[in-house]
Amino acid sequence: MSYEIKTGKEQTEPILWTGDFYNEGTGSGDIFDTLKEECGVFGVFGHPEAASMSYYGLHALQHRGEESAGICVADGRDFNYHRGMGLVKEVFDKDRIASLVGDMSIGHVRYSTSGDSRLTNAQPLVFKYRDGDLAIATNGNIVNEPLIRRQLEQSGSIFQTTSDTEVLAHLIARSPKDFVEAAKDALEQLVGGFAFLLMTNDKLLVASDSHGLRPLVMGRVGEAYVFASESCALETIGAEFVRDIEPGELLVLDKDGLREDRFTEPKRKALCAMEYIYFARPDSDLNGSNLHAARKRMGSRMALEAFVDADIVTGVPDSSISAAIGYAEQTGIPYELGLIKNKYTGRTFIQPSQELREQGVKMKLSAVRRVVEGQRVVMIDDSIVRGTTSRRIVNLLREAGAVEVHVRITSPPFKNPCFYGIDTPDRRELIASYKTIEEMCEEINADSLAFLTPEGLISSIGGYNSNDYKGGLCLSCFDNDYPTQVDFGGAEKDGCSC
């Protein structure tokens with residue numbers, strides 16, 4: 001199937017950030033057209049410094065969302081919470097954390113799609129209902145949320161946010177059952193990929209969707225339990241990793257301790273492959289596989305599948321550095337820092353001058369001329385979305401004197417939208433959906449282009465789930481094989497709006 005894609009000014013003109021926050025409403029208009037982070041959740045049960053632990057845990061998950069942050073704390077009687085737009089360190093200070101007293105908390109960092117960047121959608125969302133207070137934080141996306149929302153509105157529900165997380169609160173509130181059973185029934189109605197933390201005045205519930213599409217792990221600090229989107233957050237607070245939350249599992253924590261339950265039977269394991277390729281931090285472990293090691297294996301396998309003779313190997317920072325090292329080790333071609341990322345250009349910077357505006361990409365990434373000049377370069381990256389970023393980076397290397405630029409992508413071609421929590425463009429904007437690899441190579445101005453095969457990706461990730469269907473991974477963005485229903489007659493939602 002072919003698609004008509006507009007070309008011209010919207011792809012070549014530099015982008016200005018004019019909102020209050022760097023990520024605010026950028027959507028597809030960012031200079032870098034990489035996939036956007038999802039969200040991150042962090043929960044604590046049974047620790048007197050729950051708020052402080054959540055603060056440091058959210059810091060470790062900051063890469064999953066830079067738009068807003070929030071923490072809600074319960075002391076057994078009341079809620080105390082704070083949310084704000086910006087980075088964790090901008091939203092919270094010492095006095096704010098000291099005011100959040102309690103031994104149970106849930107926290108959230110968020111990235112949203114364009115147009116939903118506002119404080120009312122910042123999480124945790126907090127509600128009043130018949131049994132007291134309820135707070136919810138989630139990472140992921142509910143595909144059938146528009147359908148459920150419409151049904152609830154037709155029966156009298158009034159929504160305060162555009163976040164799909166609010167649907168769960170309404171379903172729970174309308175149930176005549178006790179909180180835990182109401183939550184089970186509500187969760188069972190949701191289709192999509194999600195990791196939920198739900199907190200009342202005296203209970204913490206932890207839930208993962210029936211396919212385990214979104215990561216969620218459990219740890220311990222003494223007698224306290226800790227939950228996080230990634231294991232790196234456990235390391236930050238000195239927690240011991242216990243295990244991953246299983247698909248369809250529901251954990252209930254209250255005065256009687258931890259009770260392992262489930263709201264539905266598990267279906268085929270399908271953890272998002274992009275967590276391994278791009279999103280998760282390299283020091284995190286997912287399903288028994290370390291991210292840095294997995295990415296190195298991707299680079300090594302890439303070298304076996306698509307070797308090209310060159311002088312140096314470089315990775316696009318930061319997510320492709322590990323893969324570039326693996327490619328270099330496999331081939332014997334030296335790894336060099338040919339590209340440097342400026343980490344301080346994001347968020348609330350002054351609008352650049354016209355001269356800088358015309359070279360906006362250089363505000364975030366620079367080629368090291370003394371390294372790449374006169375060299376044949378293998379450039380390792382994790383994915384190609386629209387192709388505009390790859391073209392800009394290839395041209396950076398050429399402008400710095402590289403005589404050849406060979407691009408190697410450590411994932412299969414990205415052809416399909418994500419319905420489970422990644423903010424992806426429309427399929428018609430995904431370059432791999434309407435161009436051949438040869439055409440893409442020409443589009444990005446590379447001397448050669450190759451992608452990692454699905455088989456190579458699965459074998460590189462490994463882990464204890466390697467015998468599962470597709471290695472226990474969701475590869476739908478590559479092969480269009482979605483683990484859940486995604487067609488609800490037009491009443492379905494992709495991307496991430498948690």
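A polar contact is a pair of N or O atoms within 3.5 Å; within protein, one atom must be able to donate a hydrogen and the other to accept it, and residues adjacent in sequence count only if both atoms are side-chain atoms. The views below come from a predicted model, in which local features need pLDDT of at least 70 and side-chain atom pairs count only at pLDDT 80 or more, while totals for chains, interfaces and linings use all residues. Residues are numbered from 1 along each chain as its sequence is written, and side-chain values use heavy atoms, with hydrogens and water left out.

**View 1. Asp 381 at the end of strand E20.** Helices (H or I, at least four residues) and strands (E, at least two) are DSSP runs numbered from the N terminus, and Asp 381 is found in strand E20, residues 376–381. The side chain of Asp 381 makes a polar contact of 3.2 Å with the side chain of Ser 320. With a relative accessibility of 6%, Asp 381 counts as buried, a word that means under 20% relative accessible area, whereas exposed means over 50% and partly exposed lies in between (1.4 Å probe, protein chains only). Contact means heavy atoms within 4.5 Å, and, leaving aside neighbours within four places in sequence, Asp 381 is in contact with Val 316, Ser 320, Arg 408, Ile 409 and Thr 410.

**View 2. Asp 382 and the positions listed by UniProt.** An unreviewed UniProt entry lists Ser 319, Asp 381 and Asp 382 for "binding site". Although these positions are spread over 64 residues of sequence, they cluster in space, with a largest C-alpha distance of 7.9 Å. UniProt positions are given in the numbering used here, feature names are shortened, and annotations may be inferred rather than shown by experiment. Asp 382 lies in the loop between E20 and helix H14 (388–399), and Asp 382 is buried, with a relative accessible area of 4%. The side chains of Asp 382 and Ser 383 are joined by a polar contact of 2.8 Å.

View 3. Two strands pair if DSSP finds at least two bridges between them; strand E1 (residues 39–45) pairs with E10 in the antiparallel sense over four bridges, and Gly 43 stands opposite Phe 227. Strand E9 (residues 217–221) also runs antiparallel to E10, joined by five bridges, and Val 221 stands opposite Ala 224. E9 and E10 form a hairpin with two residues between them, where Gly 222 in the turn has a positive phi of about 60°.

**View 4. Phe 419 and Tyr 482, an edge-to-face pair.** Rings of Phe, Tyr and Trp (its six-membered ring) pair if their centres lie within 6.5 Å, and planes under 30 degrees apart count as stacked, over 60 as edge-to-face and the rest as tilted. The structure holds nine aromatic pairs, including Phe 419 and Tyr 482, which are edge-to-face at 5.2 Å centre to centre with 85° between the planes. Phe 419 is buried, with a relative accessible area of 11%, and Tyr 482 is buried, at 15%.
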